[in-house]
Amino acid sequence: MITRMLSAQNSEDIALAAQWIREGKLVAIPTETVYGLAANGLDEQAVLRIFQAKGRPQDNPLILHIAQPQELRKLCKDIPASAWLLADNFWPGPLTMVLPAREIIPKSTTAGLDTVAVRCPKTAATRALIAMAGVPLAAPSANRSGKPSTTTAQHVLSDMDGRITAILDGGACEVGVESTIVDLTGDIPRLLRPGGVTPEELIALLGELQIDPAVLAPVAADAVVRAPGMKYRHYAPAAPLIIVTGSAQAAAFYIRAHFQRGDAVLCFEEELPLYQNCNPTSYGSCAAAQSLSSGLFAALRALDRPDIGTIYARCPEGGGMAYAVGNRLKKAAGFHIVNAEDAR
Ligand code: TXA
Ligand code: MG
């Protein structure tokens, strides 16, 4: 199969992508978070092709993407007031809600769960595509399973060339990490995955929010978790990644002492001068967590090379966007974290 590159700027290309979706084909789509690998989310066979193309375990359900917030009604039942409150404030945008699923949704999309994850993405070309296709799009992140998510059309091509019909190129993704996922099926809203809508924003609106344990700590492979995707080693380059916390000076002291030829450092722009002989890559500024979030996956992909031994990474701390960036990096590290202050 030859994978065609289409432009999100071109309305004929969007119409062609919509037609291919209706025919049951796979098209990668730009969103404000990361690229998605989309198919008709109501077509069992088309959805199964997504799992094949990604090499994704079939117990991991997909997010349905809609063009307009009101379309939530067609896909979900027993929708609580909190869902409409979130939709009014954050849709279109980087927020996914888990709600009870209607029967029209195939089991391949929900991985057999009786709930479904739904999101209305911000990217206008993608919402136009969904509206033209006339069906919700099931779309996981458009990376090979286990690899960092894709934030440019070139990333998608390098993972999916020959495996999918087309890629709609919408440029680099602004948020850079996947959407925030909130489960609204219990008594208290529960954060399953942090993202572009921050915990602080959710708490301000909802009053209370439980943080799912999978956000903060490693999950055993056989554990039953609310978001099945959270149990896999994710976002990870081939080499082992170790997060080094502590002050800039203490971390640099620790990393320089342990660094061996072939290792690499993933750090904040401000700290580049501390790692001159340590093959450093910056992923953004520690003074602007948004820059770290939009740069993280491109940096992890650049470091996904067989010749790299160990990657030492600096990780932002605290809330806001730093919370989501920290979550992805800790997962990439398999929660291997060293405090350089203790190691002194
Ligand atoms: O930003 C995003 O969310 C991107 C773009 C393309 O929209 N999509 C994305 O999809 O990150 P994916 O498949 O890589 O991650 C979806 C996550 C997985 O961890 C999955 O287990 C969880 O959502 N999920 C899906 N349906 C669920 C459900 N019914 N209940 C709980 N978790 C669910
Ligand atoms: Mg993913």
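This is a predicted model: local features need pLDDT of at least 70, side-chain atom pairs count only at pLDDT 80 or more; totals for chains, interfaces and linings use all residues.
Start at helix H1, residues 11–22. How far apart should its ends lie? At 1.5 Å a residue, its twelve residues should span 16 Å.

Next, look at what happens at each end. Asn 10 caps the N-terminal end of H1. There, a side-chain oxygen of Asn 10 lies 2.8 Å from the backbone nitrogen of Glu 12. Just after H1 comes Gly 24, with a positive phi of about 90 degrees.

Now turn to the sides of H1. Which residues of H1 are buried? They are Asp 13, Ile 14, Ala 17, Ala 18, Trp 20 and Ile 21. These residues cover an arc of only 160 degrees around the axis, which means they sit on the same side of H1. An α-helix has 3.6 residues a turn, so residues three or four places apart point the same way. On the other side of H1, Ser 11 and Glu 12 are exposed.

The buried residues of H1 have several packing partners. Among them are strands E1 (4–7), E2 (27–29) and E3 (36–40). Helix H6 (124–133) is another, as are strands E7 (137–138) and E8 (166–169).

Strands E4 (63–65), E9 (180–183) and E10 (190–193) each supply at least two lining residues, and so does helix H5 (107–110). Strand E6 (115–119) is also on that list. E6 gives the most to the lining, with four residues.

Notes: Residues are numbered from 1 along each chain as its sequence is written. Chains are lettered from A and ligands numbered from 1 in the order in which they are written. Side-chain values use heavy atoms; hydrogens and water are left out. The expected span of a helix is 1.5 Å times one less than its number of residues. Buried means under 20% relative accessible area, exposed over 50%, partly exposed in between (1.4 Å probe, protein chains only). The arc is that of the directions from the helix axis to the C-beta atoms. Contact means heavy atoms within 4.5 Å. A polar contact is a pair of N or O atoms within 3.5 Å; within protein, one must be able to donate a hydrogen and the other to accept it, and residues adjacent in sequence count only if both atoms are side-chain atoms.
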